[in-house]
Amino acid sequence: MALNRCAVVGVGQTNHTSCRADVSIAGLVREAVDRALLDANMTLADIDAIVIGKAPDMLEGIMMPELWLTDSLAASGKPLFRVHTAGSVGGSTAIVAAQHVMSGLHKRVLTIAFEKQSDGNAMWALSVPLPFSMPVHAGAGGYFSPIIRSYIRRSGSPSHIGAMVAVKDRSNALKNPYAHLHEDHWTLEKAMESPMLWDPIRFVETCPSSDGAIALVLASEDVADKMPGKKAWVHSTAMRSEPTMFAGRNQVSPRAGEMCAEDVFRKAGITNPLKEIDVVEMYVPFSWFEPMWLENIGFAPKDQGWRFVEDGVTEMTGKLPVNASGGVLSSNPIGASGMLRFGEAALQVMGKAGEHQIEGARTALGHAYGGGSQFFAMWVVGSEKN
Amino acid sequence: MAPLRLFYPYDRTVGSTVGRFLTSLANKKIEGTRGLDGIVHVPPAEFDPATGAPLTEWVVVGNAGEVLTWSWQPEPFADNTLQQPFAWALIRLDGADTPMLHAVRVGSEKDMASGMRVRAVWADEPTPSITTIMCFEPEHGHG
């Protein structure tokens, strides 16, 4: 199946923070949209279709907010598509938007993801008992901590690896003006003394609760070719999912994640990801997921992901920089977090990441996961056409 | 087994446009915004529905208006401002082009009709909230 080419031609995001008391959700979204349109040198009138994503509506208590946002996006009379895939939604939304272009249906597509966590309480919104499911009454950390303990037991990882990831991401965030947390005092020693929230996840190893939004402008090849600015060409996209609960499920390294990575690399013609990918923006809401996803995606051999962290491979100066932006550990507007990974990957290959730019980044992976590690979304973007 | 009851409040950030609308309500003033096409939106639209432009021109409208359509609420919920059977109505206030949803207090369903005139009844304690308009009532007494 031949697909049309698609490029990211505009990226805009808000300054993520714990509470944007000065704007409505529509105002927050519009801020990111205006920045993305400015970056693409377009206006709302130029946009053919809009694809919007956010985490579960219960997080802010507004059902189908995309309908409310119609006015702020000048979406009346245009295709407006909503995507729902829990925490991975920002990634899935960008992929659906790219498909709007790759299919040949639309030439200029605006895609948006957001969360205004201060309007509700995501931790408790994610703790509501569901019929026939195991109750998880302490938010995402309570759900993931036994899975992380399982990873540590299986891999034989030393206990300080999670803290190392946290110090790296919080330090990287100092170079990203949009990051929520700008904390310059973290050392490994201090991180190891950070209060334990859900053993083995310490406070510093946990993502913050953020208000924030991101928007991307995607364009078809003929439109992008006429634009003078730098572009990120979408080389491949992939999504996979699996049930949250089934007998024998590998929750540490879900098969859906492995298959998603295999697919996204195959479509991009990548046979050696560690060698061919220059930079990764990975969905790491709790520090230990960096070594876990390094293995799940195929960058590191099984049980060896923690060695990459210990050896500094994922530092900004390492062979495979992961989350130069500071990642989810430094900003987590949940619904937007996946698209932030995709957008930051695009910024890297466009050479527009500013102070957290990885020099010479030509090919980047954007990664997102969601729910109980059952939704995966990835894209590979490059500075050159695929 | 101990009962488990989880609940939490939402804490809505309304932004500057709806924020001004609610603040004005506390002063018994109903305001809307004018769209680029001249349409007066009450409650105010933050962005122009036609173009997406931020709307900044404010228009004070009347405290009374016309019922465009309505639906009877035979059993009020605990958090409704009226604790007797009442009507939900779309009310186009004088000077506005768009209707606003609110409660209408009448004796019975028979007293409701599309096209009837109603006037705002203010709550005793003004707050920056839509319930500062406690309800609407027929302009010339019941029925």
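What percentage of the 143 residues of chain B count as buried? The figure comes to 41%, with buried meaning under 20% relative accessible area (exposed is over 50%, partly exposed in between; 1.4 Å probe, protein chains only). This is a predicted model, in which local features need pLDDT of at least 70 and side-chain atom pairs count only at pLDDT 80 or more, while totals for chains, interfaces and linings use all residues. Residues are numbered from 1 along each chain as its sequence is written, chains are lettered from A and ligands numbered from 1 in the order in which they are written, and side-chain values use heavy atoms, leaving out hydrogens and water.

Staying with chain B, its secondary structure comes to one helix and eight strands (DSSP runs, H or I of at least four residues for helices and E of at least two for strands, numbered from the N terminus). The order from the N terminus is α-β-β-β-β-β-β-β-β. The C-alpha trace spans about 55 × 45 × 30 Å along the principal axes of chain B.

Over in chain A, helix 5 takes in residues 139–155. Its 17 residues reach 25 Å from first C-alpha to last, close to the expected 24 Å (1.5 Å times one less than the number of residues). The helix has a kink of about 30 degrees at A:S145, shortly before the proline A:P146; the bend is the angle between axes fitted to the seven residues ending there and the seven starting there. Among the buried residues of helix 5 are A:Y143, A:F144 and A:I147. Their cover includes helix 11 (289–297) and strand 10 (363–370) of chain A. Just after the helix, A:G156 takes a positive phi of about 70 degrees.

Then there's A:K116, a lysine in strand 4 (residues 108–116) of chain A. At 0% relative accessibility, A:K116 counts as buried. Its side chain reaches the backbone oxygen of A:R20 at 2.8 Å, and makes a polar contact with the side chain of A:D211 (3.4 Å). A polar contact is a pair of N or O atoms within 3.5 Å; within protein, one must be able to donate a hydrogen and the other to accept it, and residues adjacent in sequence count only if both atoms are side-chain atoms. Beyond its neighbours within four places in sequence, A:K116 is in contact (heavy atoms within 4.5 Å) with residues including A:E60 and B:T13.
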